[in-house]
Amino acid sequence: VKLARILRDRFSHVVIDLGSQASENTEGVLDLAESVFVVAHADIPSLRNAQRLISHLAGRRRPDQKTEVILNRFDGRRAEIPEESISKALTAPISW
């Protein structure tokens, strides 16, 4: 968390990959974030984990903090799960 504060003070943009495991440090970095990007694949296990994270973030997000959903390697023409169904399951719109 201390390093994230230092980086935030020195740079206009800081990107931190927190991985999929939450910890005390993860929570502290999330508290500092202006935007949180949830990256998921369009498969059932990834979407389930992304939905849990989105719900968790919604309960602790500041009013000025944005949460955006990114589907990694998603091709709507070949997708087994339609984008509308994914957005509904995640309870959040797909940004990218």
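## Confidence in the model

pLDDT is the predictor's confidence in each residue, on a scale from 0 to 100. What you have here is a predicted model, in which local features need pLDDT of at least 70, side-chain atom pairs count only at pLDDT 80 or more, and totals for chains, interfaces and linings use all residues. Residues are numbered from 1 along each chain as its sequence is written, and side-chain values use heavy atoms, with hydrogens and water left out.

The protein has a mean pLDDT of 81, and 93% of its residues reach 70 or more. Among its elements, helix α1 (residues 2–10) has the highest mean at 88, while helix α2 (residues 24–32) has the lowest at 74. Where pLDDT is low, the predicted coordinates should not be read in detail.

## The overall layout

Helices (H or I, at least four residues) and strands (E, at least two) are DSSP runs, numbered from the N terminus.

The C-alpha atoms fill a box of roughly 45 × 25 × 25 Å, taken along the principal axes. Of the 96 residues, 25% count as buried. Buried means under 20% relative accessible area, exposed means over 50%, and partly exposed is in between (1.4 Å probe, protein chains only).

Helix α3 covers residues 44–60, so to speak a run of 17 residues, and spans 25 Å from its first C-alpha to its last, close to the 24 Å expected at 1.5 Å a residue. That expected span is 1.5 Å times one less than the number of residues.

Which residues of α3 are buried? They are Leu 47, Ala 50, Ile 54 and Leu 57. These four sit on the same side of α3 because they cover an arc of only 85 degrees around the axis, the arc being that of the directions from the helix axis to the C-beta atoms. An α-helix has 3.6 residues a turn, so residues three or four places apart point the same way. On the other side of α3, Ile 44, Arg 52 and Gly 59 are exposed. Asp 43 caps the N-terminal end of the helix, with a side-chain oxygen 2.8 Å from the backbone nitrogen of Ser 46.

## The largest pocket

About 1200 Å³ of space lies in the largest pocket. A pocket is found on a 1 Å grid over the protein atoms alone, as an open set of points where a 1.4 Å probe fits, with protein on both sides within 12 Å along at least five of seven lines; lining residues have an atom within 4 Å of a point.

The lining has 35 residues, and Ile 16, Leu 18, Leu 30, Val 36 and Phe 37 lie nearest the centre. Helices α1, α2 and α3 and strand β1 (35–40) each supply at least two residues of that lining.

Glu 68 is found in strand β2 (residues 66–71) and counts as buried because its relative accessibility is 15%.

Asp 75 is in the loop between β2 and α4, and at 22% relative accessibility it counts as partly exposed. Thr 91 belongs to the segment after α4 (83–90). Thr 91 has a positive phi of about 55 degrees although it is not a glycine, and at 57% relative accessibility Thr 91 counts as exposed.

Definitions and conventions. Polar contact = N/O pair within 3.5 Å; in protein donor to acceptor, adjacent residues only side chain to side chain. Points joined across faces, edges and corners; volume = space filled by probe spheres on them.
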